[in-house]
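Please keep the structure in view while reading.

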Amino acid sequence: MRIGELAEQAAVTTKTIRYYESIGVLPTPDRTPSGYRAYDATTLERLRFVRDAQATGLTLIEIKSILELKGQGEQSCEHTRSLIHRQIDDIDTQIHRLENARRELCELMERADRADPVDCVDEHRCQVIEARRGEVQRDERPAAADQ
């Protein structure tokens, strides 16, 4: 099949296929006598695997490493498991950061809701954010017992 047919069946663009070939995620295809790329069902299955693996959050480099192991006849399960564990750890870290950011934004919103706009007289600063910055600096200082 030609690149357009492959792209349609795999639900990707021809540009994506060419890129995957350029970085080694897909093998360089054979060419027809007229110079067109010629793909087989194996390439379609590999391309679907790449698309599905990306949907899990794996990077193209990680996907390529799995495919290389498989290409060498090795089992990739343990390697894939470690990649997935790392992905879960990364997601957990992002969730933690987002929860902290949300908590801080909620505190700012509460402060903004209580703030009196009449008190906001400095044309270079916002009393809501400035008050928060002052609290952070006080919280970061070591306690007297720690010194």
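Buried means under 20% relative accessible area, exposed over 50%, and partly exposed in between (1.4 Å probe, protein chains only). The model is predicted: local features need pLDDT of at least 70, side-chain atom pairs count only at pLDDT 80 or more, and totals for chains, interfaces and linings use all residues. Residues are numbered from 1 along each chain as its sequence is written, and side-chain values use heavy atoms, without hydrogens and water.

Val-128 is buried, with a relative accessible area of 12%. Its place is in helix H6 (residues 127-140); helices (H or I, at least four residues) and strands (E, at least two) are DSSP runs, numbered from the N terminus. Beyond four places in sequence, Val-128 touches Leu-108, Arg-111, Ala-112 and Ala-115. Contact means heavy atoms within 4.5 Å. Arg-111 lies 17 residues from Val-128 in sequence, yet 6.2 Å away, C-alpha to C-alpha.

The largest nonpolar core has 19 residues. Such a core is a set of buried Ala, Val, Leu, Ile, Met, Phe, Trp, Tyr and Cys residues joined through side-chain atoms within 4.5 Å.

In H2, Ile-17, Tyr-20 and Glu-21 are buried. They share one side of H2 because they cover an arc of only 100° around the axis, taken from the directions from the helix axis to the C-beta atoms. The face turned away carries exposed Lys-15 and Ser-22.
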